[in-house]
Amino acid sequence: MANQKIKRTNRFGGVTYNIVKHIGVVAKYKSGWSKELNIVEWNDGPPKYDLRDWDTEHENMGKGLTFVKSEARELCKLLEESFDLEDIDKIPEKIDKMI
């Protein structure tokens, strides 16, 4: 999967992507697709952290999010802080029941 430079055409024109490094699978679906965290070069641009759904062959993808390194670090920091809340009982019930 890594270093597979693929060019795809969509209704907006050609898009190229190169999965530089597969970091991990966040979720797998019955359809065979999976939500993955990868480092991807889009349209010959600089590599970015990329979180999105992919088919098994990495030829089709869903909408996703890309992050430069500083954004990914900030996201990690925010997630870590949200998991380390001291007053966990004060979180509204809706948030506490998140899937």
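Lys35 counts as partly exposed, because its relative accessibility is 26%, and the limits here are buried under 20% relative accessible area, exposed over 50% and partly exposed in between, with a 1.4 Å probe and protein chains only. The model is predicted: local features need pLDDT of at least 70, side-chain atom pairs count only at pLDDT 80 or more, and totals for chains, interfaces and linings use all residues. Residues are numbered from 1 along each chain as its sequence is written, and side-chain values use heavy atoms, with hydrogens and water left out.

The protein chain has two helices and five strands, where helices (H or I, at least four residues) and strands (E, at least two) are DSSP runs numbered from the N terminus. Along the sequence, these elements follow the pattern β-β-β-β-β-α-α. Of the 99 residues of the protein chain, 21% count as buried.

Two salt bridges are present in the structure, each defined by a side-chain nitrogen of Lys or Arg within 4 Å of a carboxyl oxygen of Asp or Glu. Side chains of opposite charge can pair when their charged atoms come close. Lys35 pairs with Asp53, and the closest N and O atoms of this salt bridge are 3.1 Å apart. This pair links distant parts of the chain, as Lys35 lies in strand E3 (residues 34-42) and Asp53 in strand E4, 18 residues apart.

The other salt bridge joins Asp50 to Arg52, with the closest N and O atoms 2.8 Å apart. Both Asp50 and Arg52 are buried. Arg52 belongs to strand E4, which spans residues 47-54. Arg52 counts as buried because its relative accessible area is 10%. The side chain of Arg52 also reaches the backbone oxygen of Gly62, at 2.9 Å.

Between E3 and E4 runs a loop that contains Asn43 and Asp44. For Asn43, phi is near 50 degrees, a positive value in a residue other than glycine. Asp44 is likewise a residue other than glycine with a positive phi, near 60 degrees. Asn43 is classed as partly exposed because its relative accessible area is 47%, while Asp44 is classed as exposed because its relative accessibility is 58%.

The surface also carries patches, which are made of residues with over 30% relative accessible area and no salt bridge, like charges being joined within 9 Å and nonpolar side chains (Val, Leu, Ile, Met, Phe, Trp, Tyr) within 5 Å. Leu75, Leu79 and Phe83 form a nonpolar patch with about 300 Å² of accessible area together, as given by the Shrake-Rupley method with a 1.4 Å probe. Leu75 sits in helix H1, residues 69-83. With a relative accessible area of 33%, Leu75 is therefore partly exposed.

A patch of negative charge on the surface gathers Glu74, Glu80, Glu81 and Asp84. Asp and Glu count as negative, Lys and Arg as positive, and His and the chain ends are not counted; each charge is placed at NZ of Lys, CZ of Arg, CG of Asp or CD of Glu. Asp84 lies in the loop between H1 and helix H2 (93-96). Asp84 is exposed because its relative accessible area is 52%.

Technical notes. A polar contact is a pair of N or O atoms within 3.5 Å; within protein, one must be able to donate a hydrogen and the other to accept it, and residues adjacent in sequence count only if both atoms are side-chain atoms.
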